[in-house]
Amino acid sequence: MYKICLVEDEKDLNNLIKNYLEHEGYNVIPIYSGNEALNIIGKETINLWILDIMLGDEISGYDIIKKIISIDSDVPVIFTSARDQDLDKIIGLELGSDDYITKPYSPKELVLRVNKLIDRIYKNNKKILEYETYKIDVDKRTVVENEEIKLTTLEFDLLIMFLNNKSKSFSREDILNTIWGDDYYGSDRVVDDLVRRLRKKMPKLRVNTLYGFGYRLT
């Protein structure tokens, strides 16, 4: 489930948008002030931010996006504003926002824009994979759950093989050929050791043991 931070100080509007997004299957964290938004950055894995530019406290959406980008430059951001000014849009885009919508807007239109961004960034290119509470960046070869989980090269390769082939059964020989290569000579028990280490570092992975054969991720 994709997690969205909704930063909007108008509580009625915040609740309305939250309901629409949750109806679409998103996990929404409602934020009502700039300071509250700054405090959550980096503490949770967020898949998309919706930021109102003008907030009730001294913190603006511009301040928030700067901190977001400094920690995770790949996370998408949608700016919202009651002002329909080209300068606002230009500044937002220059700071790293992916989209801009002017108030008053239709909640359905915002949901459509959110769906489009999520599809483009997470579903179509598959550079970011998610499993349970883990966020896996394929290009950066990182795994994050609150903080980064350090995996070796072989552990990460095994993880990606499983994630790209959920429910598929792999024999130990299959895993040896995929992870170590056809020219590997040695015991297939190295597979068991690699799986054991991956399970220990990522205990929420549902890697089933197929006794006498191999493994399968469900």
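Me: Which ring does the charged end of Lys11 sit over?
Reply: The ring of Tyr32, with the charged end 5.4 Å from the ring centre. To count, NZ of Lys or CZ of Arg must be within 6 Å of the ring centre and within 35 degrees of the ring normal. Bear in mind this is a predicted model, where local features need pLDDT of at least 70, side-chain atom pairs need 80 or more, and totals for chains, interfaces and linings use all residues. Residues are numbered from 1 along each chain as its sequence is written, and side-chain values use heavy atoms, leaving out hydrogens and water.

Me: OK, what about Glu8, buried or exposed?
Reply: Glu8 is buried, because its relative accessible area is 3% (buried is under 20%, exposed over 50%, partly exposed in between, using a 1.4 Å probe and protein chains only).

Me: And which side chain does Glu8 join in a polar contact?
Reply: That of Lys103, at 2.8 Å. A polar contact is a pair of N or O atoms within 3.5 Å; within protein, one must be able to donate a hydrogen and the other to accept it, and residues adjacent in sequence count only if both atoms are side-chain atoms.

Me: New topic: how many aromatic pairs are there?
Reply: A search of the whole structure finds 2. Phe, Tyr and Trp rings (six-membered ring for Trp) pair with centres within 6.5 Å; planes under 30 degrees apart are stacked, over 60 edge-to-face, the rest tilted.

Me: Why is the pair of Tyr62 and Phe79 edge-to-face?
Reply: Because their planes are at 85°, with the ring centres 5.6 Å apart.
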